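Hi everyone, thanks for coming.

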Amino acid sequence: MSGDTEVGVAGLGVMGSAIARRLLGCGRAVRVHDIRPEAVAELARAGAATATSPALLATSGTVILSLNTAEIVEQVVFGPHGVLSAASDGVLVIDMSSIAPGRTRQFAERAGKLGAGWVDAPLSGGAPGAERGELTLMLGGEEEHVARALPVLGALASHLTHLGPAGSGQLVKSVNQVLVGCGFAALAEAAALVRSAGLPPGQVLTALTGGRADSALLREFFVKFAEADLSPTGRISNMVKDLDAARDHARSAGVPLPVTTAVAELHRWLTAAGHGDADNAALMHYYAPLEVRP
């Protein structure tokens, strides 16, 4: 095992690729794995070493996961050729995926029995935040594991908070996604109004900046939505998954989430209409599908 000088990254979608590139740019040795050879080849050209299976990432000592679902996380970590399928003692898994808190607690317990550490580190800030090293990370896990993860995560984030035991980060990420998902829906409606009036989005944003409607979400995404810019920063299908996870936890806790439920169904409609892999700005399809540029 080469220790923590090298970092493994499993999952090279938009986020995973941005994470790997940021680590490479910070001088870290990185080893990557993905089921898509073209994604692996692209990172190899950027200087990353490659692994033909998740099991081979374990030699890195620290392995970051950037995966879509808890089922994929389970397979990549605990499957026959998973990260912890062989030499697992001392490996630290940092899961930057967004999955249910309950599943995270189960995975952390299983990893612990194999001698491995587990930190859930779901993120906010998207690929642009990762590329700048300005992510916000919500951390769950044992103190010693979080302390070991911090030197790696510090290259990716400008704001990190350890919230408690395994699953705590995922629960707060659900809170984040409720706020962001509902905010996206409100931005889409506001952008539809602006588009219908033919107003210049940039000037509208200037007018709103500094008022009560101002927010980081408004500044980053309002013009993007109003101009129907679908360049990828996050997927509709991922928002469905995250809002569903928040709703499921809320049901178990007896907390009603009527607005979140409605927003989840709006995103689900877009997924059913074939826009699941599209950027969050694809919400604009709901209002004027023919006007949204590809």
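Let's start with Arg 247, which counts as buried at 13% relative accessibility. This is a predicted model, so please keep that in mind throughout. What does Arg 247 pair with? One partner is Glu 265: the two form a salt bridge, and their closest N and O atoms are 3.5 Å apart. Glu 265 belongs to helix α11 and Arg 247 to helix α10, so this pair ties together parts that are 18 residues apart in sequence. Glu 265 itself is partly exposed, with a relative accessible area of 36%.

Arg 247 also forms a salt bridge with Asp 244, and here the closest N and O atoms are 3.2 Å apart. These two sit three residues apart in helix α10, so about one helical turn separates them. Is Asp 244 buried or exposed? With 17% relative accessibility, Asp 244 counts as buried, because the cut-off for that label is under 20%.

Now on to another pair. Arg 235 and Asp 277 meet through their side chains in a salt bridge, at 3.9 Å from N to O. Arg 235 is in the loop between α9 and α10, while Asp 277 is in the segment after α11, so the pair ties together parts that are 42 residues apart in sequence. As for accessibility, Arg 235 counts as partly exposed at 34%, and Asp 277 is exposed, with a relative accessible area of 61%.

Some of the charged residues are linked in a network, made up of Glu 71, Glu 74, Arg 103 and Arg 110.

Let me turn to Asp 279, which is also found in the segment after α11. Asp 279 is buried, with a relative accessible area of 3%. What does its side chain reach? A polar contact of 2.5 Å joins the side chains of Asp 279 and Lys 224, and the Asp 279 side chain also reaches the backbone nitrogen of Gly 234 at 3.3 Å. Leaving aside residues up to four places away in sequence, Asp 279 touches several others, including Asp 229, Leu 230, Pro 232, Thr 233 and Ile 236.

Several elements each supply at least two lining residues, among them α1, α3, α7, α9 and α10.

And what about enclosed space? A search of the whole structure finds one cavity of 30 Å³ or more. The largest cavity has a volume of about 40 Å³. Which element gives the most to its lining? That is α7, with four residues. Both α7 and α10 supply at least two lining residues each. Among the residues around this cavity are Ser 98, Ile 99, Lys 173 and Asp 242, and the lining as a whole divides into two nonpolar, four polar and two charged.

Note on methods:
Residues numbered from 1 in each chain as written. Predicted model: local features only at pLDDT ≥ 70, side-chain atom pairs only at ≥ 80, totals over all residues. Heavy atoms only, no water. Buried < 20%, exposed > 50% of the residue type's maximum accessible area, 1.4 Å probe, protein only. Polar contact = N/O pair within 3.5 Å; in protein donor to acceptor, adjacent residues only side chain to side chain. Contact = heavy atoms within 4.5 Å. Salt bridge = Lys/Arg side-chain N within 4 Å of Asp/Glu carboxyl O. 1 Å grid on protein atoms, 1.4 Å probe; cavity = no way out; pocket = protein on both sides within 12 Å on 5 of 7 lines; lining within 4 Å. Points joined across faces, edges and corners; volume = space filled by probe spheres on them. Nonpolar A, V, L, I, M, F, W, Y, C, P; charged D, E, K, R; others polar.
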